[in-house]
Amino acid sequence: MKKGILYALFLGSLIVLQGRSANAQYVKNQLAKDQMGRPLVAGEYVDIQGHPFLFENWTKGIVKFVNGTSVSDLDLKYDLVKDELYFKDPKTEQVMIFSEKISEFKLNNPVKSTDFFYFKNGFTPLDANTAKSFYQLLMDGTAQLIKRYTKEIFEERPYNSATTIRSFKDAELYYVVKNNQLIKIKKDKKQVLAAFADRSAELEAFIKSNGLNLKNESDLVKLIAHYNSL
């Protein structure tokens, strides 16, 4: 259900733009004119264990811009430290930063070819997140379930060592969006039911009858899908 809803949502938003969507050759032409992006300055993540990206390797995907245009068949990497999307110049293979502001993007799942990760911004700011912050959309409807991926550079010095080790520390945060407001939740039944107090009795019965474990993301998605059907 989740994949079908999100796939229809993403592709539906691109159908109108189909005439303006770019293939790899179009991207190459745009790069030549410096209208698509600018080179990334290398060397910002030096001597750090791990990588700052959602996926270490390049992943194919689609990008939709605030101005209404879109590009497809790009090699993409999502930097979670900077919350920034990069692409590879198909001619020079140089890492590039988009010049245009991005509203949505889709990354193919490198493990499961039929699946994808769909990100968008424009949500109400909360905590350190702004309207430009990207979230993965896990469930859409009256209530939305979104997920925020972040990475921070973590430093530690092992006992009796003079060397400081730097590495990337991952975090995943979940939010429910109701009436355009974000509610931060944990994958915990008590917190989830509190976010849906208007239907908590029905949801608790659904959890019990279906044996859901809300510590599992897939079960959390099922529960919110059920809420949207009530």
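**Helix, sheet and one lysine**

Q: How many residues does α5 have, and what should they span?
A: At 1.5 Å a residue, the 13 residues of α5 should span 18 Å. The end C-alpha atoms of α5 are 19 Å apart, which agrees. Bear in mind that this is a predicted model.

Q: Which residues of α5 are buried?
A: In α5 the buried residues are Asp 219, Leu 220, Val 221, Leu 223, Ile 224, Ala 225, His 226, Tyr 227 and Asn 228.

Q: Zooming out, how many helices and strands are in the protein?
A: The protein has five helices and eleven strands.

Q: In what order do the strands sit in the sheet?
A: The eleven strands form an open sheet, ordered β1-β5-β4-β3-β2-β6-β7-β8-β9-β10-β11, with antiparallel pairing. At the edges are β1 (37–39) and β11 (181–185), each of which pairs on one side only.

Q: And how much are neighbouring strands turned against each other?
A: On average by 40°, with direction ignored.

Q: Where does α5 pack, then?
A: Helix α5 (residues 217–229) packs on the sheet and touches β8 (135–139), β9 (143–156), β10 (165–178) and β11. The direction of α5 makes about 150° with that of β9.

Q: Now a side chain. Where is Lys 178?
A: Lys 178 is in strand β10.

Q: Buried or exposed, and why?
A: Lys 178 counts as buried because its relative accessibility is 16%, and buried means under 20%.

Q: What does the side chain of Lys 178 reach?
A: The backbone oxygen of Ala 195, at 3.1 Å.

Q: Which residues is Lys 178 in contact with, leaving aside neighbours within four places in sequence?
A: Lys 178 is in contact with Ala 143, Ile 183, Ala 195, Phe 196, Asp 198 and Tyr 227. Of these, Tyr 227 is one of the buried residues of α5.

Q: Last topic, the whole protein. What share of residues is buried?
A: Of its 230 residues, 43% count as buried. The accessible surface comes to about 12800 Å², and 49% of that belongs to carbon and sulfur atoms.

Q: What share of the contacts comes from residues 24 or more positions apart?
A: Such residues account for 55% of the contacts with a separation of 6 or more.

Technical notes
Residues numbered from 1 in each chain as written. Predicted model: local features only at pLDDT ≥ 70, side-chain atom pairs only at ≥ 80, totals over all residues. Heavy atoms only, no water. Pairing = 2+ DSSP bridges. Helix = DSSP H or I, 4+ residues; strand = E, 2+ residues; numbered from the N terminus. Axes fitted to C-alpha atoms, helices over the stretch in contact; angles between N-to-C directions. Contact = heavy atoms within 4.5 Å. Buried < 20%, exposed > 50% of the residue type's maximum accessible area, 1.4 Å probe, protein only. Areas by Shrake-Rupley, 256 points an atom, 1.4 Å probe, with all protein chains shown as cover. Expected span 1.5 Å × (residues − 1). Polar contact = N/O pair within 3.5 Å; in protein donor to acceptor, adjacent residues only side chain to side chain.
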